[in-house]
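Thanks for making the time this morning.

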Amino acid sequence: MRFLYLIVLFLSLQTVKSQNQFVPDDIPYKTALEKAKSEGKPLFIMLYADWCPHCNQMKKEVFSNPDVMAFLKENYVCIWKNIEKEEGIALKNKYNTKSLPTFLFLDGNETLLYALKGEMKTPEFMTEVKYALNSRMQLPYLEKEFMSDPSNSDKFFTYLNTLKKGKDRTDLSAPTHVYLNTQSDAQLISETNWRIIANGVTDIKSREFQFVLKHQKEFAAVTSQNRVDRKIESIVTELLRPYVDNLDTVNYYKQREVAKSIRLQKTDSLVFKFDLTLAERTEKWQFYKKTTLENTQKLVWNDASFLKDIGQTYLKHINDAESLKKSIFWVKHSIELNDSYDGNLLLARLYNKIKDKKLALQYANDAKVICTEMTWSTKDVDALLAELNTK
């Protein structure tokens with residue numbers, strides 16, 4: 001009897017599990033759109049990829065919840081599209097999707113009513129899908145309200161805050177400039193307008209960003225110098241990172257000149273780091289060496305972590321002794337800034353590469369001491385010490 005009870009319990013648990021397992025509605029986009037029109041409901045679309053952990057987590061935690069699915073199916077026509085398949089690719093491109101997961105809420109005429117991006121827990125997701133049903137919280141209404149009075153910062157922020165739930169920062173640029181065009185240069189220097197510039201300005205050549213560059217002290221007075229610095233660094237990052245990520249060297253070097261025209265130490269340092277990242281990804285080691293020999297001490301001298309990163313690259317890819325000695329000098333300075341196990345171990349390996357066994361042993365032993373004190377694994381340093389002691 002006990003055995004029979006266990007079988008029944010197992011089968012019951014499997015049934016509950018299968019009932020709570022997310023199974024997407026695999027119907028064509030056009031069919032779903034026609035159904036939304038005929039039923040008078042909005043269309044809900046999840047854009048996902050099989051490799052996206054945030055998408056998979058939401059499928060597991062949110063869309064396997066029967067209450068969530070019941071609400072969605074009662075109020076929306078729902079479809080789920082993989083961005084690596086035909087319909088998903090088309091929707092991704094049509095609605096300029098850059099983040100996963102993305103959730104689109106459309107009317108029967110394919111007007112975007114609302115959009116969300118990123119992983120959410122069930123309570124937050126349910127709050128948002130209810131907002132998306134409220135016409136006064138939807139994008140077309142908020143845009144119309146804003147455009148009827150584009151100098152009204154409250155209406156702008158209401159529109160912007162809803163827009164950025166489902167869009168990347170670059171998509172916020174157009175409405176931001178509509179609002180900022182109603183503001184004089186003198187009006188730009190305010191706490192409210194700084195928040196708008198910080199959130200919505202992405203064009204490095206724009207009037208507003210160039211004004212920030214020329215009036216940093218005034219903007220620092222209404223926010224802080226640290227926030228002004230972060231904005232300058234983020235706009236350079238947004239300019240250059242896509243070209244580095246896509247290994248687009250032609251356009252990278254065109255836009256690099258724009259970034260360099262800012263002529264600030266902090267942006268020169270950032271450009272230097274992007275130069276090195278691109279050189280690494282394209283395996284241009286001579287360029288990497290030339291750039292670091294010319295600019296490391298000038299641009300990243302107080303960045304201990306980055307000095308060690310350069311040292312690691314020299315260890316792997318640079319072979320001439322004089323350049324390696326220079327990298328040793330940089331890594332030594334990094335442990336003056338922050339004495340560390342990995343810094344000492346790196347120095348030991350660099351000295352070993354130039355065949356200076358005495359100093360390699362010294363720094364390997366220093367690394368072993370730090371490692372032992374921290375109760376970390378000594379496997380890597382022990383292997384190096386064994387190699388050095390056999391030479």
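Let me begin with phenylalanine 125, which, if we leave aside its neighbours within four places in sequence, is in contact with Phe44, Met58, Val62, Phe63, Val68, Leu72, Phe103 and Met120. Please keep in mind throughout that this is a predicted model.

Phe125 belongs to the largest nonpolar core, which has 80 residues, and together with Leu43, Phe44, Phe63, Leu72 and Phe103 it is among those that touch the most other members. As general background, nonpolar side chains tend to be buried together in soluble globular proteins. Which helix gives this core its largest share? That is helix H14, residues 225-245, with 7 residues. Apart from this core lies another one, of 36 residues, including Phe306, Ile318, Tyr341 and Leu346.

Let me turn to the sheet. In what order do its 4 strands run? The order is S2-S1-S3-S4, in an open sheet whose pairing is mixed. Strand S2, residues 77-82, and strand S4, residues 112-117, stand at the edges and have a single partner strand each, so one side of each is left without a neighbour in the sheet. From one strand to the next, the twist averages 15°.

The two pairings of strand S1 can be taken in turn. S1 and S2 are parallel and share 6 bridges, and within that pairing leucine 43 has valine 77 of S2 as its bridge partner. On the other hand, S1, residues 43-48, and S3, residues 102-106, run antiparallel and are joined by 5 bridges, with methionine 46 standing opposite phenylalanine 103 in S3. Helix H2, residues 29-39, packs on the sheet, where it touches S1, S2 and S3, and its direction makes about 165° with that of S2.

Next, the helices. In helix H11, residues 191-200, the buried residues are Asn193, Trp194, Ile196, Ile197 and Gly200. Seen down the axis of H11, they fall within an arc of 160°, so they line one face of the helix. What do these buried residues pack against? Their partners are helix H8 (153-163), H9, helix H10 (185-188), helix H12 (207-214), helix H13 (216-222) and H14.

Serine 173 lies in helix H9, residues 173-180, and counts as buried because its relative accessibility is 14%, where the limit is under 20%. Apart from neighbours within four places in sequence, Ser173 is in contact with Gly200 and Thr202.

Threonine 158, in helix H8, is partly exposed, with a relative accessible area of 42%. The side chain of Thr158 reaches the backbone oxygen of aspartate 154 at 2.9 Å. The C-alpha atoms of Thr158 and leucine 142 are separated by 7.2 Å, the two residues being 16 residues apart along the chain.

That is where I will stop, and I am happy to go back to any of these views.

How values were computed
Residues numbered from 1 in each chain as written. Predicted model: local features only at pLDDT ≥ 70, side-chain atom pairs only at ≥ 80, totals over all residues. Heavy atoms only, no water. Core = buried A, V, L, I, M, F, W, Y, C linked by side-chain atoms within 4.5 Å. Buried < 20%, exposed > 50% of the residue type's maximum accessible area, 1.4 Å probe, protein only. Contact = heavy atoms within 4.5 Å. Pairing = 2+ DSSP bridges. Axes fitted to C-alpha atoms, helices over the stretch in contact; angles between N-to-C directions. Arc of directions from axis to C-beta. Polar contact = N/O pair within 3.5 Å; in protein donor to acceptor, adjacent residues only side chain to side chain.
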